[in-house]
Amino acid sequence: MSARDGAPAGAEQSTLVTAHRTVVAVDVAGFGERNRNNINQVRVRRGMYRAMEEAFRLAGIAWDACRSEDRGDGILVLAPADVQKALFVDRLPNHLLAALIEHNRTHPVEEKIRLRLALHAGEINYDEHGVTGSAITHTFRLLDADEVRRAFASSSAVLAVVGSAWFYDEVIRHSERSRAKTYRLADITNKETMTQAWIRLLRRRTVTGL
């Protein structure tokens, strides 16, 4: 790109390869606590992946059609634009909660999982190293926000679902199966991000949204 095209003279030429994706980020609460040794952490990770893959399957979202990236104590999942976004709030939470409850039932306290899940959507940039984009950054800012962590830590919930303001306005509040009234609004401040998000805390399965 030349200076005439809007880039400084001598600037590295870059062409963005982008695609619209639903962004899902999950993180295990307290993954690095001292009561978990390395073996415990491996079993927690296995349980997290098993729960996510099973929940996606039961929710009607093809795991293999999504791009997933390991984040150590969490996962980034990018779902294709043609996957209905409502599935992530109508079906996924209950199935994920059920899988987590089953895991926790058969594992000691050091290997029990409490999971935070954030939802957003936007344009994702692809390059030779992987993916990036403001939509991904925004999703992780919500996932890691102190307001979300405090709300989850002070509850007995097994799963926290955090919808971005966009995801709530465009998806959650329009669905009769999403249980939109169970989400509460929170002001989020995390690094350079100042926004609002909607939080739902789940500790037992509900009849609707299956």
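I started with the charged pairs. The model is predicted, and I count 10 salt bridges in it.

I looked up Glu111 next. Its side chain meets that of Arg43 in a salt bridge, 3.0 Å from N to O. Glu111 sits in the loop between helix H3 (92-105) and strand S4 (115-127) and Arg43 in helix H1, so this pair ties together parts 68 residues apart in sequence. Glu111 is buried at 3% relative accessible area. Arg43 is partly exposed at 39%.

Then I checked a pair within one helix. Glu54 and Arg57 form a salt bridge, with their closest N and O atoms 2.9 Å apart. Both are in helix H1, three residues apart, so about one helical turn separates them. I noted Glu54 as partly exposed at 33% and Arg57 as exposed at 53%.

I moved on to Asp144. It bridges to Arg116, with the closest N and O atoms 3.7 Å apart. Asp144 lies in the loop between helices H4 (134-143) and H5 (146-153), and Arg116 in strand S4, 28 residues away. Shared partners join Asp27, Arg116, Asp144 and Arg149 into one salt-bridge network. Arg116 is buried, with 1% relative accessible area.

Last, I looked at the nonpolar packing. The largest core has 42 residues, and Leu115 is one of those touching the most other members. Helix H1 gives the most to this core, eight residues. Another core, of 19 residues, lies apart from it and includes Leu76 and Ile124. I also listed contacts of Leu115, among them Met48, Met52, Leu96 and Phe152.

How values were computed. Residues are numbered from 1 along each chain as its sequence is written. This is a predicted model: local features need pLDDT of at least 70, side-chain atom pairs count only at pLDDT 80 or more; totals for chains, interfaces and linings use all residues. Side-chain values use heavy atoms; hydrogens and water are left out. A nonpolar core is a set of buried Ala, Val, Leu, Ile, Met, Phe, Trp, Tyr and Cys residues joined through side-chain atoms within 4.5 Å. Buried means under 20% relative accessible area, exposed over 50%, partly exposed in between (1.4 Å probe, protein chains only). Helices (H or I, at least four residues) and strands (E, at least two) are DSSP runs, numbered from the N terminus. Contact means heavy atoms within 4.5 Å. A salt bridge is a side-chain nitrogen of Lys or Arg within 4 Å of a carboxyl oxygen of Asp or Glu. Lists of a residue's contacts leave out its neighbours within four places in sequence.
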